[in-house]
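Have the sequence and the 3D view at hand as you read.

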Amino acid sequence: MSVLETRSVSIRFGGVFANTDVSLKVGEWEIVGIIGPNGAGKTTAFNIVTGFYRPNSGRVLFKGRDVTDLPVHQRTALGMGRTFQNVGLVKGSTVRENLVSAQYLESDYSVLAGMLGSPRTFVAERGLRRKADAVAELMGLGDILDTQVVGLPYGVLKRVEIATVLATDPDLVLLDEPSSGMGPEEAHELGDTLLELRRELGISIAMIEHHVPLVVRVCDYVYCLNFGQMLAEGLPDEVRNHPQVVTAYLGEEAENPEIAGAEKQLESLLDSE
Amino acid sequence: MATTVERDRPGGDDRPGAAAASGTEPGVRARFTPSPLGWAARGVAWVALAWLVLVFPLSREGFELQRFSQAVIYGIIGLSLNVLLGYVGQISLGHQAFVGIGAFTSAYIVTEQNLSFWAGVGAGVAVGGLQALVLGGVSLRITGLYFALVTLSYGLVAEQNVFQIEELTGGGQGQPAPKPSGFESDWRYYYLCLAFLAIVLWVDWRMMRTKAGRALLALRENPRVASTFGINVKVLTLLAFVVSGAFAGLGGALLAHNDTFVSPETWSFNLALVFVIMTVVGGLRSRAGVVIGSAFFALIGYLLQKFPALQDGLNAIPGAPDLSREIAPLVIGPILLLVTLTLFPGGIGQQIRPIVGWLRGRRFDLRDRGPKEVQITDVRA
């Protein structure tokens, strides 16, 4: 059974068809990549999956359950976690506070008990902080736990964000351009981390990613969106060499044999890692 | 849309994060412990503070002591508004109605229903929370300026209608609200108010240290991110609104019995402005700052009366209007508000940080301006 499945999901904003008949699947333990040029509707698809947008038609199934009409926070409770393209963190707080905030559903006391200061909540709070430390350790953030999020380098923020998502104890993690703002080496390390997370925590991952070497290395399956429609899907290597995908990225001229040389050059550039 | 502006505060760069960047590991630096002499100095300061709050007001009596009780109650009202303005980021311009309804409820329960003071205060808190639940349930689907407008009109409706119901408010003469048995004397009532303030401080502190408070801080900054943490943004916002309403109702009930009398004229829009100003000048999200700021505004009139020189000095300013005690807060307030918003966005809370830190046994550090804050425009449109 797949963890996530969208069945011909469509959404339009006014006259813009942002997603048309988008169907994708993320199997258990799978890492799935979603690629496509800017404005192809990748983030829109994520917003539909996580519940920020309600599709005009089509269904979203999570762990076999139809979640199309559930609000965001209930999908989180079912085990769906996501990151944002422009970093979704509470910037005024420290890394640790973010990791504890993200465990909102893990705090097993009532809001009222917390406000009245029942003794049990003090114990529970210690547990939450311990788990925050453990997650930070896993993501290699142990040194900056007490640092305020504002002012951390972008690449580090992306790791902190993944850590907060892990703190919500997800089964499926949706990452929106996790390697943006990272250099090639950092991106390579991120790939190691993702593979390790799957191995250690048994989570499934869907990620929007532009960094092709990273996609090819970690993804089991790749979808390519263009103008809101599914252009191609398959194994990473298949999709990368799919003629229509190449066209979508490089424009019509790429099919012209005269400039095939330029295409080769570009491909080798993408491969260079 | 929330506009986010990263604002560097003066001296903000050498806060904890910078330690890691400059190579010194945060944990390695030895923790600062004051010398015995340092502890003694802090002890003296604590005793002086306790004397100021617990003993000094007892040297006053009657009307004067009631002003000190009022200052304590304003502290509760300031904390109530701080929940909305500081934690949720929504502004209420109708808070005088919240407080007033608490006051009339308690007076009504005690005078008309012949129930005890405790039942009156309990009802004040309950009705305060309930009206917030109803008003918030209807109007919290809009935010920012428009929400402020809704609360503004709510305050006016309460003024023109609810406070004109004679059975509830006793009409023009107002509703008597006797002091509770056992607390008839002004100094006992003063201590009672302090006890209630302590309870409110405790609840506020625990709320911010547990999941509800963290959820509020997250959703104030970014509701989308908060919802991916599994936080039900609407419910949490409403909860904060109810907490704020309950605190306001408590403040109102205590005010009523402090003056032993509630009159409909008290609850005008002017009061709502004073409440907002005292909270912001006190310093959003700083409990100590809010209480100090609120107490100051409660005491402005008293201070002007007590020190005629002050009053004369203010009146001596050429072209200044006659500063009667009633409108003094409304003249001094906006000036302080301007200073706060332009120079010290953290208000009094930010100013006293070095002192509070010192009192808690840390080094006296004048550059301590608190965490570098991400300023959300405090009214979210």
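Strand β7(A) and strand β8 (residues 204–208) of chain A run parallel and are joined by 5 bridges. Strands here are DSSP runs of E with at least two residues, helices are runs of H or I with at least four, and both are numbered from the N terminus. Two strands count as paired if DSSP finds at least two bridges between them. Leu174(A) stands opposite Ala206(A) in β8(A). To get from β7(A) to β8(A), the chain passes through helix α7 (residues 184–201) of chain A, a right-handed β-α-β crossover (with the strands pointing away from the viewer, the path from the first strand over the helix to the second runs clockwise).

This is a predicted model: local features need pLDDT of at least 70 and side-chain atom pairs pLDDT 80 or more, while totals for chains, interfaces and linings use all residues. Residues are numbered from 1 along each chain as its sequence is written, with chains lettered from A and ligands numbered from 1 in the order in which they are written.

| Strands | Sense | Bridges |
|---|---|---|
| β7(A) and β8(A) | parallel | 5 bridges |
| β6(A) and β7(A) | parallel | 3 bridges |
| β4(A) and β5(A) | antiparallel | 2 bridges |
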